[in-house]
Amino acid sequence: MELIINGSKRELELELRTLAEVIDKLGLSGKPVVAEVDGEVLVAEQWPAFAVMPGMKIELVHFVGGG
């Protein structure tokens, strides 16, 4: 399935069905992440039930600590 993630086309496995699965596949599970899909900001509680479809535009911002 082709998704546009942070402005880049990405081909991900077809069996990924939810935003939570996409975030997990990208290695961002458990990290502080903000997700926007097609202009709609989604809170983490919505991710497991939010179905992804080919062509969706997903913006993911994650925070990194440091000094």
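Colleague: In which sense do strand 3 and strand 4 pair, and over how many bridges?

Modeller: This is a predicted model, and in it strand 3 and strand 4 pair in the antiparallel sense over three bridges. Two strands are said to pair if at least two bridges are found between them, and strand 3 and strand 4 have three. Within this pairing, Val37 stands opposite Glu40 in strand 4, and in the hairpin, which has two residues between the strands, Asp38 takes a positive phi near 50 degrees.

Colleague: How do you know that strand 3 and strand 5 pair?

Modeller: The cut-off is again at least two bridges, and strand 3 and strand 5 are joined by five, in the antiparallel sense. On the strand 5 side, Ile58 is the bridge partner of Val37.

Colleague: Why is Val52 called buried, and what is Val43 called?

Modeller: Val52, in the loop between strand 4 and strand 5, has a relative accessibility of 5%, and buried means under 20%, so Val52 counts as buried. Val43 belongs to the loop between strand 4 (40-42) and strand 5 as well, but its value is 46%; partly exposed covers what lies between the buried limit of 20% and the exposed limit of 50%, and Val43 therefore counts as partly exposed.

Colleague: What makes the contact of Lys25 with Glu13 a salt bridge?

Modeller: The rule asks for a side-chain nitrogen of Lys or Arg within 4 Å of a carboxyl oxygen of Asp or Glu, and the closest N and O atoms of Lys25 and Glu13 are 2.6 Å apart. Lys25 lies in helix 1 (residues 19-25) and Glu13 in the loop between strand 2 (8-11) and helix 1, so the pair ties together parts that are twelve residues apart in sequence. By this rule the count comes to one salt bridge.

Colleague: Which residues gather in a patch of negative charge on the surface, and why is Glu59 called partly exposed?

Modeller: The patch is made of Glu36, Asp38, Glu40 and Glu59. Glu59, which is found in strand 5 (residues 57-62), has a relative accessible area of 34%, and is therefore partly exposed; membership of a patch requires over 30%.

Methods
Residues numbered from 1 in each chain as written. Predicted model: local features only at pLDDT ≥ 70, side-chain atom pairs only at ≥ 80, totals over all residues. Heavy atoms only, no water. Patch = residues over 30% accessible without salt bridge, like charges linked within 9 Å, V, L, I, M, F, W, Y side chains within 5 Å. Areas by Shrake-Rupley, 256 points an atom, 1.4 Å probe, with all protein chains shown as cover. Lys, Arg positive; Asp, Glu negative; His and termini not counted. Charge placed at Lys NZ, Arg CZ, Asp CG, Glu CD. Helix = DSSP H or I, 4+ residues; strand = E, 2+ residues; numbered from the N terminus. Buried < 20%, exposed > 50% of the residue type's maximum accessible area, 1.4 Å probe, protein only.
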